[in-house]
Every structure is written in C-alpha cells, then in structure tokens.
Amino acid sequence: MTQPPQLVLYLVDLVAVLVLTFGLYFPRHRRRDLVVAYLGVNVGVLAVAATLARSTVGAGLGLGLFGVLSIIRLRSTELSQHEVAYYFAALALGLLGGLGASAGWLGVAGSALILVVMAAADHPRLLRRHRSQVIMLDRAFPDEAGLVAYLEQLLGAHVHSASVQRLDLVNDTTLVDVRYEVAPGGGVIASSGGAPVAAALPGATGTGQVSA
C-alpha cells in the first residue's frame, strides 16, 4: 500500500481538529476561549513536528519542549478533566499530522480513532445520571452518615461518595464534594452545562460544577 503524501496528512489533521473543536467540543460545552486554544495548539504542534521531522534536530527534543509548554499552559488556568482530554486530543492530532509520514495510513487511522473515542466518551447520554458537585451547606455535619442522608434528601439522588473539604463548627458550615447518581425522573439542585450553580433548597449553596 502506498504511503499518503505529507500534504494529505496535514489536511487530515486540519479537518480532524475542526471536527474535534466545532463538531464535538463547542456544541457540547460552549467555551469560546478554548476553541482558540485547541486550534492554536494543534496547528502549532503540527508546524513544529513537521519541521522537526525534516531537520537534524531530534524529534524527542521537540516533543519534550512541547510537554513542558503544555504543563505551563494547563497550570495557567483552571480546566475541567474533559477540557484537558480535548486539549491533549488536539495535541495528539497535531503530532500525528506532523510526524506521521513514516506511519503512513496508520497516522490517519489514529486521527480517526481519536475522534471516535472523544465523540463516544464525551457523549451527553453516556453516564448522564452521574454527577459531581461541590456544595456549601449551612449546617455542620461531623457525622458522615447524617451528611449522606441529608445530601440524598437534598439532591433527590443516590450519593456514591461525599468527601468533606472543610468542616466549620464555629460558623456551622460544611463544604463537601459530592459524587451522586440522579434517579430516573428525579430532580437536582444544579443547572447543567458546567456553569456555577446555586442550591434551590434551603440548607445548601452550590459552589462547584456539575459534570455528567
């Protein structure tokens, strides 16, 4: 089987990152600043990887530099776990496009595999009843069983875990990270879409994000 021209790999990468960004990420999460980040990272990695592949500089050195830059970028702002996954998917697509000449059609297959996995893993219907949220309660709960029972009544859901982040007996508050599963047709106090939420019932205020 003939190897695809390098230009074809470039075009495959550009199409793949556009599908990843505008076909998957933005319609589902609506964060405009990360659209710029994903496109910039992908094209930047593609350009540098393609240059390194044709130069005497070791590709390992270039990939190491991009690893350091990626860590700095990820530490500069708060990103959720699904946003980090999209970030590295965009980076991986750029690497496959820039360094995939020797791999041939395997690089194209790798790009397609990344898109398929991201489309399935981040689908809104996958584990859609499972949520996580950080909640500030206006009551102190030193007893874990009482805390779980209160949260289940408050959320109308089955609580899988409740990790107390801060217990303030003076001000009578509890900050808790809750992982729970909403019952079919059950209500929750949070809005969807990853926006900050506030509690709709007395005794709690939402301070975190909901993830499905």
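**Figure 1. Antiparallel pairing of strands S2 and S3.** Strand S2 (residues 157-168) and strand S3 (residues 173-182) pair in the antiparallel sense over 10 bridges; two strands pair if DSSP finds at least two bridges between them. Strands (E, at least two residues) and helices (H or I, at least four) are DSSP runs, numbered from the N terminus. Alanine 162 has valine 178 of S3 as its bridge partner. The hairpin of S2 and S3 has 4 residues between the strands, and aspartate 172 takes a positive phi near 60° there.

The model is predicted: local features need pLDDT of at least 70, side-chain atom pairs count only at pLDDT 80 or more, and totals for chains, interfaces and linings use all residues. Residues are numbered from 1 along each chain as its sequence is written, and side-chain values use heavy atoms, with hydrogens and water left out.

**Figure 2. Packing of helix H1 against helix H5.** Helix H1 (residues 6-29) and helix H5 (residues 105-121) pack at an angle of about 5°, their axes being 10 Å apart. Axes are lines fitted to C-alpha atoms, for helices over the stretch in contact, and angles run from 0 to 180 degrees between N-to-C directions. H1 is therefore roughly parallel to H5, a term for angles under 35 degrees. On the H1 side, the contact (heavy atoms within 4.5 Å) is made by Leu9, Val12, Ala16, Val19, Leu20, Leu24 and Arg28; H5 contributes Val108, Ser111, Leu115, Met118 and Ala119. These residues divide into 10 nonpolar, 1 polar and 1 charged. Ala, Val, Leu, Ile, Met, Phe, Trp, Tyr, Cys and Pro count as nonpolar, Asp, Glu, Lys and Arg as charged, and the others, Gly among them, as polar.

Figure 3. Asparagine 42 is found in helix H2 (residues 32-53). This residue counts as buried because its relative accessibility is 0%; buried means under 20% relative accessible area (1.4 Å probe, protein chains only). Not counting residues up to four places away in sequence, asparagine 42 touches Asp13, Val17, Ala90, Leu93 and Gly94. Between asparagine 42 and glycine 94, the C-alpha to C-alpha distance is 4.8 Å, although 52 residues separate them in sequence.

**Figure 4. The protein chain as context for the close-up views.** The secondary structure comprises 6 helices and 4 strands, in the order α-α-α-α-α-β-α-β-β-β from the N terminus. Of the 212 residues, 36% count as buried. Among contacts between residues at least 6 apart in sequence, 66% join residues at least 24 apart.

Technical notes
Buried means under 20% relative accessible area, exposed over 50%, partly exposed in between (1.4 Å probe, protein chains only). Angles under 35 degrees count as roughly parallel, over 145 as roughly antiparallel, 65 to 115 as roughly perpendicular and the rest as oblique.
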